[in-house]
Amino acid sequence: MPDETRISERQESSEDMARKLRAQLRTEHKKLALVQEIGRALSSTPDRDNLLALIMEKVTLLMEADRSTLYLLSESGETLWSKVIQGGEVREIRLSVGEGIAGWVAKSGDIVNIPEAYQDDRFNPAVDHQSGYRTRSILCVPMVAPTGSVIGVVQVLNKQGGPFTRDDEELLVALASQAAVAIENANLYLAAIGRNRQLTTAQEKLEQRTAELNVLYEVERTTNVAHDLDELLAGILQRAIELCGADAGAVALIDDDSGDLRFRTTAGKSAAGLRHRTLAVGSGILGWTAKNRMATISNEPTADIRFAADFMAAVDLAPKHIIAAPLALASDTLGIIALVDRKPDPRNAAPGFSHSDLKLLTLIAGQASRAIQIARARQERDNQSRLATIGQMLASMLHDFKTPMTIISGYAQLMAQMDDPRRRNQQVNLILRQFDLMNGMAREVLAFARGDSGILIRKVYLNRFLEAVTKQLEHVLKEHGISLVVEPCYSGVAYFDEQKILRLIYNLAQNAAEAMDFGGELTLRTDADPSYVYFELSDTGPGIPAQLEGRLFDAFSTGKKGGTGLGLAIVKKIVDEHDADISYESKPGEGTTFRVRFARERPPDAPDITGVMSTVPR
C-alpha cells in the first residue's frame with residue numbers, strides 16, 4: 001500500500017511539473033510573440049510618438065509590470081522628460097539628470113533593480129504623494145545608442161507576483177537597446193523630414209519671391225514702354241488682371257479738384273461702365289480702400305456692409321468677388337486699383353480671390369504708385385519744357401524781326417520825303433521784301449518746332465542774290481560796328497531755295513555779329529568747282545567757345561547771354577533739307593569760318609523757275 005501511495009504521489013508530481021512546464025512554455029511563447037511584435041514595430045514605425053507609445057504598451061505586458069515609463073534625454077543633456085506613461089493619466093514628467101532613480105541611471109549608465117522602492121535613498125516619493133500611486137519594485141535600465149551614449153532610460157514598476165528578476169533585467173536591457181536604435185532612426189527620420197520641410201518652405205519662398213520679381217519686372221517693363229499716363233495705367237491694369245486671374249478691373253485716381261475717385265482706366269466688359277465715373281472717397285468697398293489705405297478682399301460683396309449697391313447698379317456691375325489695393329506713396333493717396341470676379345483656380349478650392357492674390361495686387365499697386373509718380377513728374381517736366389521751348393522760339397522770332405523792322409522803318413521814312421513815283425515804288429518793293437523775309441522767318445521757326453520739312457529749289461543768279469543779301473546784312477552789321485566784305489569768286493547760276501538760304505546766311509551773320517562785341521569784319525565769299533557751289537562766312541571774333549564743341553548745331557545750345565540757341569539749329573536743318581554739307585573752322589581769338597557746300601547741277605525734280613530775288617529790278 002505504501003508503494004502504491006508513493007507511485008500515486010509521483011504521478012501527481014509529474015503531472016504538476018508537466019502543467020507548470022506547459023504554463024511556462026505558454027508564458028515564454030507569449031513573451032516571444034511580444035518581443036517579435038516589438039521588433040516588427042521598431043523596424044516599421046517611423047513616427048517617434050507612435051513608436052514610443054507602442055514600446056511602452058508592449059514592455060508593460062512583457063515585463064508583467066503595473067506600469068512603465070520611458071524617459072528621453074534632452075538635447076542639452078541636463079534633463080529627462082517622459083514621453084509616454086502607461087497605467088494612468090498621460091502627462092509629462094521632467095527630471096534633472098541625477099534626480100530620482102531614472103535620473104541616477106541616466107547619469108551613471110548602470111542598471112537599477114530595487115525590490116522595495118521606499119527603502120532606497122535614491123527614490124523620490126514625491127510623485128507617489130502627488131498621484132496617490134504606491135511604488136514597490138522598480139527596474140530601470142539605460143537606453144544606449146549605437147554610438148555608446150545614453151539617450152534615455154526605461155523604467156518599469158511593480159512586477160506582478162514579486163520583484164524583478166535577473167532574467168527581467170536582461171530582457172529589458174535588450175528591449176531598451178532595440179528601442180534606442182529605433183528612436184535614433186526615428187530621430188534621423190524626423191530630422192530628414194524637418195530638412196525636407198525646410199527645403200520645401202525655402203523652395204516655396206523662392207518661388208514666391210521669383211513670382212514677385214516677375215511682377216515687378218512686368219510692371220517696370222510696362223512703365224518703360226508707356227508713352228503717357230493713360231497708356232501706363234492700361235498696361236499695369238492688364239498685367240494685374242492676368243497675374244491675379246480676374247475677369248475685369250479698373251484704376252481710379254484722386255481728382256485734384258473734387259477729391260473724389262475718378263475711374264481713369266478700365267479693362268473687361270463687366271467694368272466698362274466705370275470709365276470716367278466718380279466715387280466719393282470712403283464710399284463702397286473701393287472708396288473704403290482709398291480712405292483707409294488698406295488692401296481688401298470681399299468674396300461676397302453684396303453681403304458686405306461697405307458695398308455701394310446704388311453705385312454698382314448705376315454702372316450695371318454685379319461683382320461676385322472684389323479685390324482692391326490703394327495706390328499710395330508716403331502720406332499721399334493717389335487712388336486705387338481694383339479687380340472683380342476671380343476666375344476658377346484649381347489650386348484654390350474656395351471660390352474668389354485669395355490672400356496670395358491680395359499680396360500680389362498690393363505688390364503691383366506699390367510699383368504702380370511709383371510709376372504714376374514718375375509719369376506725372378515726367379509729364380510736368382515735358383509741359384514745362386514745351387512752354388520754355390515756345391518762349392525761346394518766340395524770343396528768337398522777335399529777335400530776328402528787329403532788323404527787318406528797322407529796314408522797313410527806314411524805307412518808310414525815305415518814302416515820306418520822296419516825290420518821284422518810280423523811286424517810291426522801288427522803296428515799296430524793298431519794304432514788301434522785308435515783310436516776305438519776316439514771314440519766311442516765322443514759317444521757318446514754326447516748321448522747325450513742328451519738324452516739318454519742305455523746300456522749293458529754283459534757279460538762282462548769284463550776282464543778284466548777293467546784292468539782296470548784301471543790303472540785308474549791311475543793316476544787321478551796321479548796328480554792331482562790323483564791316484561787310486563780299487568776295488563773289490563765283491557769281492553764276494546755282495540751284496537752291498532762295499528764302500531759306502537767305503535765312504541761313506542771315507543766321508550765320510547774326511551769330512557772328514553777336515560774337516564780335518567790339519566790332520570787326522565779316523567776309524562773305526562764294527566759290528565753285530565743277531561739282532559744287534560754296535558759301536563761306538568768316539568773322540574776326542573770339543572763336544567758338546570750347547563748351548559748344550560737338551553740339552554747336554543742337555537746339556537751344558548757345559554760348560551767348562540772352563541767346564536762344566535756335567539760329568544754328570535752323571541753319572543745320574536748312575543744310576540737311578538741301579542735301580548739302582556744312583563745316584567750320586575756329587581759332588580762339590582769331591575768328592570762325594563756316595563753309596556750306598551745295599551741288600552745282602540742278603536736281604532732277606527741281607522746277608525750271610528763276611528765283612524771285614534774281615528777277616528784282618536793279
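This is a predicted model: local features need pLDDT of at least 70, side-chain atom pairs count only at pLDDT 80 or more; totals for chains, interfaces and linings use all residues.

Reader: OK, and which ring does the charged end of Arg67 sit over?

Author: That would be the ring of Tyr133, with 3.9 Å to its centre.

Reader: Switching to sheets. In what order do the five strands of the open sheet come?

Author: The order is β14-β16-β17-β19-β18, and the pairing is mixed.

Reader: Which strands stand at the edges?

Author: β14 (482–488) and β18 (581–587) do. Each has a single partner strand, so one side of each has no neighbour in the sheet. From one strand to the next, the twist averages 15°.

Reader: And what does helix α12 touch?

Author: Helix α12 (residues 498–515) packs on the sheet and touches β14, β16, β17 (532–539) and β19 (591–599). The direction of α12 makes about 20° with that of β17. There's also helix α13 (residues 567–577), which lies across β18 and β19 and runs at about 140° to β18.

Reader: New topic: how many aromatic pairs does the structure hold?

Author: Nine. One of them is Phe465 with Phe535, an edge-to-face pair at 6.3 Å centre to centre, with 70° between the planes. Phe465 sits in helix α11 (residues 462–478) and Phe535 in strand β17, so to speak distant parts of the chain, 70 residues apart.

Reader: Is Phe465 buried or exposed?

Author: Buried, because its relative accessibility is 0%. Phe535 counts as buried too, at 2%.

Reader: What other ring does Phe535 pair with, and how?

Author: Phe535 and Phe598 are also edge-to-face, 5.9 Å centre to centre with 90° between the planes. Phe598 lies in strand β19 and Phe535 in β17, so this pair ties together parts 63 residues apart in sequence. Both Phe535 and Phe598 are buried.

Reader: Which residues do the ring pairs link into a cluster?

Author: Phe465, Phe496, Phe535 and Phe598.

Note on methods
Residues are numbered from 1 along each chain as its sequence is written. Side-chain values use heavy atoms; hydrogens and water are left out. Two strands pair if DSSP finds at least two bridges between them. Helices (H or I, at least four residues) and strands (E, at least two) are DSSP runs, numbered from the N terminus. Axes are lines fitted to C-alpha atoms, for helices over the stretch in contact, and angles run from 0 to 180 degrees between N-to-C directions. Contact means heavy atoms within 4.5 Å. Rings of Phe, Tyr and Trp (its six-membered ring) pair if their centres lie within 6.5 Å; planes under 30 degrees apart count as stacked, over 60 as edge-to-face and the rest as tilted. Buried means under 20% relative accessible area, exposed over 50%, partly exposed in between (1.4 Å probe, protein chains only). A charge sits over a ring if NZ of Lys or CZ of Arg is within 6 Å of the ring centre and within 35 degrees of the ring normal.
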